[in-house]
Amino acid sequence: MLLLLLTVYPILNLIGMSVSTIGFQAAKEIWTFTPGTNFHDLLDDDIFRISLWNTLVFAVVAVAVEIILGLTLAILVASVSRFKGLIRTVLIVPILMPPVAIGSMWKLMYSLDFGVLNQIITSLGLQPVNWLGSTSLALFSVIIVDVWHWTPFVFLILFAAVEGLPKEVIEAARIDGARNRELVFKIIIPLMKPALAVALLFRIILAFKVFDEVFLLTSGGPGTSTEVVSLHLYKVFFEQNQMGYGALLSLAIIAATIAFLWVGQRAASAVGAR
Amino acid sequence: MLVLRGPARWLAYLVLATGIVIIIGPFLWVALQSFKYEIAILQGSWIFTPTWFNYSDVLYSHRSDFPTNVWNSVVVASLSTFFVLIAGTLAAYSLSRLRWNRWIARTFLGWTLIFNMIPPLTLIGPWYLIFREVGLYETLTGLVLAHITLHLPMTIWMMMAYFNEIPKEIEEAARVDGCDRLDAFWRISLPLVTPGLIAAGVLAFVFSWNEFAVALNLTSRATATVPVAIARFAQQYEVQYGQMAAASIVSTIPALILMFFGQRFVVQGLTMGAVK
C-alpha cells in the first residue's frame, strides 16, 4: 500500500508536473500550466541526448566486459579445486561497499599527481595519465570503476550457474574427446544461456541507473564527457530548479525503461530463459 | 569443470591471483592513505609514519559531523530494514500462498519490477515536492519512508522465491493438525524461510546504508547519512583526501561485518532467483 502510495502518486504527480512550470516564491510552490514549453525543452535538450548516448556507451561497454570477465572467472574457479571459499569472500566485498566510497577510493587512485595508478605508470618511465580530466579518457575511467564494482556480482551469478551444470553432460563430452575450448564454447556457454541472460538483464538495468560513482568521480565532466542520464536529471531538478521540465524528463526515462524491459523480456524468452 | 594440466593450470591460478589482487589492492591502498597526513598523501610517499589523525579528526573532532552522519545512517538503515522485512515478507507470503486474482498479482509484481528498474532519481522530484508539503523534507522519517519504498520490491521478490521453495504440504499438514492460517505462517512457514529473512535483511540494510542519490536530495546537514558526508568531503573546494579515505574505510565496515556473518545466506539470496 505504501509502495503504491509512494510510487503511483508520484507518477501521477509527475504527469501533472510535466505540463507545468513550477516556481518557488517565499517557500510556496507556484504551478503554472505550460505544456508546450517543457516538450519544447525536451526536443531542444542537447545535453540529454549526449547523456543518453554516454549512458548507452557506458552500459554496453561495461556490461560486456563484466560478462566476459565474470564468465572467465566463474569457469576458472569452478575448474580449480582450491580457494573457492576465499575467492567468494573476497569478491563479495565490492558488491556490498557503498558506491560512494568506491567513487572516492578511485578518485584518490586516479589522482593526476599522487594516485597509485600514475605512480605505477611513471615508475615504468611513462607519462602520467590524466584519467578523469581528459574528455577522451574520463568515460573510459568511469567504466573501469564500474567493471571493478560489478564483475564480482556477475561472477557470483554465473558461478552458481556453472556449479549447477549437469556434470554428466560435461563428462560425456570429455570422454567423446572434446577439448577444453570445445567444452567451453559448445557445451558450457550454450547450457548457461539462461543465467547469462539474467546476469545481462540485471547489469544493464543497474548500469542505466548509474549515478553515485559518476557523481563522485567527475560530476559529468570534463565538459559533458561523462554526463549520464541520472546525473542530468539531478542537475535539471536541483541545480537548475526546473521541476516541471525534470518531471517530463523523468517520464521519458520511465517510458524508455518500460520499453526496454519489454524488449529485454522478449529477447530473454527468445534464448530460453523464463 | 575443465581439466587443466601443466601450463594451463598455472595460467588459471595466475589469472585468479591477479583478480584477487585487483579487487583487494585498491581497498588496501586507500586504507594505507587513511593513515597518512595530508602532506604525505600529496607527496605520494610510500614510507611514512602512520597516524590516527584522519580517523580521530573524522570521528571525534568538534567540527566534524561524521558521528551524526553515522548515527543517522544506523537509524535509517535499521528502521527501513525492519519495516521492509515485515511488509515484504507479508506481501510475499500472501502472493505465494493466498489465491489472488491472477490479474491483480501480475499487475502488482510487474509494477514492482518496473519500479525497481527505473532510476530512483526519476521519482525524486515528486518526492521532494510531496515531502516539502507534508513536512517530511529533510527529516529522517522521510528518508526511511523513501528507503522502504526503494527496497520493498527486491525484498518481495526474494522472499517469494523462498516461500515458493517450501512445499505447500507442510503447511497443509499443520492446518490439518489444528493450526489456523496465522499459526501455520508464524510457526511453520516463517522459521523455514529464516535464511531468506537473513539474506533479505542484510541486503536491505546494506543497500539502505549505501544509498546516496535519494539521501543526497532529501536530507539537510543535520540529517545527512554517511554516503552524503563522504561526497561532501570530495566535493569541497579543497578536497580533504585523508579524511575522505578514512571516512570511506569507516563506511565499509558495516558491510564487512555483515558479510562475515551472513555471507552464506547473502550469496544464496543473490543467486537464487538467477539460477532458476
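**Note on a predicted two-chain model**

1. Chain B contains 13 helices and zero strands, where helices are DSSP runs of H or I with at least four residues and strands are DSSP runs of E with at least two, numbered from the N terminus. Read along the sequence, its pattern is α-α-α-α-α-α-α-α-α-α-α-α-α. Its C-alpha trace spans about 75 × 70 × 30 Å along the principal axes.

2. This is a predicted model, in which local features need pLDDT of at least 70 and side-chain atom pairs count only at pLDDT 80 or more, while totals for chains, interfaces and linings use all residues. Residues are numbered from 1 along each chain as its sequence is written, and chains are lettered from A and ligands numbered from 1 in the order in which they are written.

3. Of the 276 residues in chain B, 45% are buried, a residue being buried if 20 or more other C-beta atoms lie within 10 Å of its own, exposed if 12 or fewer do, and partly exposed in between, with C-beta atoms placed from the backbone. Among the contacts in chain B with a separation of 6 or more, 77% are between residues 24 or more positions apart; two residues are in contact if their C-beta atoms, placed from the backbone, lie within 7 Å.

4. Chain A has 13 helices and two strands, and 42% of its 274 residues count as buried. Residues 24 or more positions apart supply 69% of the contacts in chain A with a separation of 6 or more.

5. Where the chains meet, 74 residues of chain A are in contact with 62 residues of chain B. The side of chain A that touches chain B is made up of 57 nonpolar, twelve polar and five charged residues, with Ala, Val, Leu, Ile, Met, Phe, Trp, Tyr, Cys and Pro counted as nonpolar, Asp, Glu, Lys and Arg as charged, and the others, Gly among them, as polar.

6. In chain A, helix 3 (residues 46-79) packs with helix 7 (residues 138-163) at an angle of about 40°, their axes being 6 Å apart. Helix 3 of chain A is therefore oblique to helix 7 of chain A. Axes here are lines fitted to C-alpha atoms, for helices over the stretch in contact, and angles run from 0 to 180 degrees between N-to-C directions; those under 35 degrees count as roughly parallel, over 145 as roughly antiparallel, 65 to 115 as roughly perpendicular and the rest as oblique. The contact of helix 3 of chain A with helix 7 of chain A has 23 nonpolar, three polar and three charged residues.

7. In chain B, the axes of helix 4 (residues 66-97) and helix 7 (residues 140-165) come within 6 Å and cross at roughly 40°, which makes helix 4 of chain B oblique to helix 7 of chain B. Their contact divides into 20 nonpolar, nine polar and one charged residues.

8. Helix 5 (residues 102-117) of chain B has 16 residues and reaches 22 Å from its first C-alpha to its last, close to the 22 Å expected at 1.5 Å a residue, the expected span being 1.5 Å times one less than the number of residues. Thr112(B), Phe115(B) and Met117(B) are buried in helix 5 of chain B.

9. Leu69(A) lies in helix 3 of chain A and counts as partly exposed because it has 18 C-beta neighbours inside 10 Å.
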